[in-house]
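Hi there,

Here is the structure I promised to pass on. Have a look at it first, and then read my notes below.

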Amino acid sequence: MSRRVKKPLRPAGDRPKGARPYRGSQAERPAHRPGGKPPARFPAPRAAKPAPFIPEPAKIVPEPPPLPTKVQTVVVTADENNMRVDRFLEARFPGLSFSHIQRIVRKGELRVNGKRADSKDRLEEGQSVRIPPLKLDAPKVAGNLSEAGAKTLQALKDMILYEDADVMVLNKPAGLAVQGGSGTTRHIDQMLEVMRDAKGQKPRLVHRLDKETAGCLLIAKTRFAATALTGSFRHRSARKIYWALVAGVPKPKQGRISTYLAKDEGEDDTIMRIAAHGDEGASHAVTYYAVVETSAQKLAWVSLKPVTGRTHQLRAHMAHIGHAIVGDPKYFNKENWELPGGLQKRLHLLARRIVIPHPRGGMIDVTAPLPPHMLQSWNLLGLEADRFDPIENAPEE
């Protein structure tokens, strides 16, 4: 009597730890005949790209209520659970400046369940937050800008990729900080002071990019837009795509990275480490990646789609699977690795594209060009920047 012999399991090979390929459902996978080409892991590209954003006629929408002029206590809602204190204030009161938020927190004027809080503390549903009287910074008259102010205004205008009455998308240069910090004197948030309107409203940041990351930075020009866009990020209605140049070639070439990340803060530096579920301060982070093109198996152009938006998520995730982003001063730790000749030792990470619902209907869909140091690398390595980007069809969750 013959015996059935079980086939041995295929070895895992050198699949990076923490990454698994996206294969889709059985219905999504095309049939694969012997000798034929293997099916793509991501679904086939769409026949056509989405139509460019054409704003719908403006709807009559109420402006958010004015800032409170006396002490009030509010309760953290389910949607606000696990939000940082500073992001909570920004979402509730989009007219507030970053410096004003930091000031009331530092002075202890804001209390959570009766206790002082730090701007980076995370809130829990049901907590009571005491909020002191708030005010907008005094408006500046655009016509009376100083020479330095006029230069700042022109610098911002030169960065604009898209603009309408509610929204602006800037092409942030690498090396320019988004917000102030220790030793930072020039940053986007401070530069936006020169763009206050006649009502004193200053354009507001609704998300952030690392200082050395270039590309699409979304700005709300009104309190109404700030509230709507912040909500889109909180509910993950925004889609972001990044391009990076990494050491080596990830295997498999398309996959999903899912880890927990926790912050390690030193005196002068902050770094994200891979953590275990349940560790203090650990947050779940998910990233899809796809190799677009390679260069001599030493470097790879990788497209990235973050599902979550943790600090340094993409940089920490690529280092975690053994393919750190070229020029990353914090997470690149490959031994005996030399930068190919002609490439600049700068972070090769670009916020390439952002797609998000417009506050008044329709979609905003903006793409940023390669910054000069990355364009130089693409040219030296012979990478074709107009190739099809397979990450566009990766899942959203």
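**Cores**

Leaving out residues up to four places away in sequence, Leu-218 touches Val-167, Met-168, Val-169, Arg-204, Leu-205, Val-206, His-207, Leu-229, Phe-233, Ile-354 and Ile-356. Please keep in mind that this is a predicted model. Leu-218 and Leu-245 are the residues with the most contacts inside the largest nonpolar core, which has 39 residues. There is also a second, separate core of 33 residues, and Leu-153, Leu-170, Val-178 and Leu-217 are among its members.

**Helix H6**

The helix I would look at next is H6, residues 313–320. Six of its eight residues are buried, so the rest of the structure largely encloses H6. Which residues of H6 are the buried ones? They are Gln-313, Leu-314, Arg-315, Ala-316, His-317 and Met-318. After H6 comes Gly-322, with a positive phi near 85°.

**The annotated position**

In UniProt, an unreviewed entry carries the annotation "active site" at Asp-210. In the model, Asp-210 lies in the loop between strand S8 (204–205) and strand S9 (214–220). Its relative accessible area is 23%, so Asp-210 counts as partly exposed; the cut-off for buried is under 20%. Neighbours within four places in sequence aside, Asp-210 is in contact with Lys-172, His-312 and Arg-315.

**Backbone details**

A few spots in the loops are worth checking on your screen. Lys-251 and Pro-252 are joined by a cis peptide bond, with omega about -5°. Pro-252 sits in the loop between S10 and S11.

Two asparagines have a positive phi although neither is a glycine:

- Asn-82 has a phi of about 70° and is found in the loop between strand S2 (72–75) and helix H1 (85–92). With 36% relative accessibility, Asn-82 is classed as partly exposed.
- Asn-113 has a phi of about 50° and is placed in the loop between strand S3 (111–112) and strand S4 (115–116). Asn-113 is partly exposed too, at 46% relative accessibility.

Happy to go through any of this with you.

Best wishes

Conventions:
Residues are numbered from 1 along each chain as its sequence is written. This is a predicted model: local features need pLDDT of at least 70, side-chain atom pairs count only at pLDDT 80 or more; totals for chains, interfaces and linings use all residues. Side-chain values use heavy atoms; hydrogens and water are left out. A nonpolar core is a set of buried Ala, Val, Leu, Ile, Met, Phe, Trp, Tyr and Cys residues joined through side-chain atoms within 4.5 Å. Buried means under 20% relative accessible area, exposed over 50%, partly exposed in between (1.4 Å probe, protein chains only). Contact means heavy atoms within 4.5 Å. Helices (H or I, at least four residues) and strands (E, at least two) are DSSP runs, numbered from the N terminus. UniProt positions are given in the numbering used here, feature names are shortened, and annotations may be inferred rather than shown by experiment.
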